[in-house]
Amino acid sequence: MEVRGLSVKLGGSYVLEDVSFDIVEGLNLVLGPNGAGKTTLLRALAGIYKPAKGHVDMRGEIGYMPAEFADAYMPVIDVLLAGGGRSPGRYLAWLKAVGLEGFENRIFSELSTGQKRLVLLAKALAEGEVVLLDEPTANLDPAHKALIMGVLQRVKKLKTLVVATHDLDLVNIADNVILLKGGSAIQIRPEELNDEILSAVYGVPILVVKADGRKLFLPRYDV
């Protein structure tokens with residue numbers, strides 16, 4: 001799967017311009033500062049935004065989990081089935097896979113933030129072979145973040161994942177990284193990410209250190 005020369009225009013201005021990269025099997029991580037175009041890229045991949053130029057070659061059904069969602073007062077099963085067109089059993093199987101077996105009759109708006117994200121993750125996984133996830137670990141406590149990261153690590157062997165995020169911890173389970181800045185993109189292997197590259201992308205010094213077999217990313221704050 002590939003993206004070639006992709007340009008997306010919103011409100012008369014280009015948000016993405018001449019972006020090209022490959023999507024590999026496993027977990028593809030999209031990183032970049034606020035306003036870099038991460039959400040715009042996912043929406044273009046999902047077909048929500050039509051490219052002004054270029055093309056997206058995506059094979060297979062697409063599941064999409066947005067970063068923001070309506071806090072609906074409705075049973076979880078109705079949230080899962082909304083607009084999906086798949087059998088209830090397919091959704092319930094993925095609800096079980098993310099650790100929420102038996103939650104189908106719970107009211108969605110009464111769940112915790114972490115549980116809501118897991119419901120929407122189950123929905124996206126049920127609906128696509130290529131799964132686009134926008135900020136799946138945002139605003140979660142460590143337990144729910146660890147749970148979602150564990151699900152992603154297991155599922156990436158079965159699905160092709162494209163994850164847009166500010167959460168640099170996800171580099172530790174990524175197979176491919178796309179860096180966005182100023183409307184352009186650079187594709188890089190996770191092991192190639194270093195202090196210099198990340199500091200340039202985010203515009204703040206970021207120290208990369210190794211601990212307990214994984215990378216930690218430490219921004220330097222001026223206080």
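Q: What helices and strands are in the chain?
A: The chain has six helices and 11 strands. This is a predicted model.

Q: How does the radius of gyration of the chain sit against the globule rule?
A: It comes to 18 Å, close to the 17 Å that the rule gives for 223 residues, so the chain is as compact as a globular protein of that length.

Q: And what box do the C-alpha atoms fill?
A: Along the principal axes, roughly 50 × 45 × 35 Å.

Q: How many of the 223 residues are buried, as a percentage?
A: Buried residues account for 46%.

Q: OK, the largest nonpolar core. Which residues touch the most other members?
A: Leu29, Val119, Leu121, Leu125 and Leu152, out of 48 residues in that core. Helix H4 (residues 113-127) gives the largest share of this core, eight residues.

Q: Where is the other core, and which residues are in it?
A: It lies apart from the largest one and has 20 residues, among them Ile23, Ala44, Val130 and Val162.

Q: Back to leucine 29. What does it touch, leaving out residues up to four places away in sequence?
A: Leucine 29 touches Val163, Thr165, Leu170, Val171, Ala174, Asn176, Val177 and Ile178.

Definitions and conventions
Residues numbered from 1 in each chain as written. Predicted model: local features only at pLDDT ≥ 70, side-chain atom pairs only at ≥ 80, totals over all residues. Heavy atoms only, no water. Core = buried A, V, L, I, M, F, W, Y, C linked by side-chain atoms within 4.5 Å. Buried < 20%, exposed > 50% of the residue type's maximum accessible area, 1.4 Å probe, protein only. Helix = DSSP H or I, 4+ residues; strand = E, 2+ residues; numbered from the N terminus. Contact = heavy atoms within 4.5 Å. Rg over C-alpha atoms; globule rule 2.2 N^0.38 Å.
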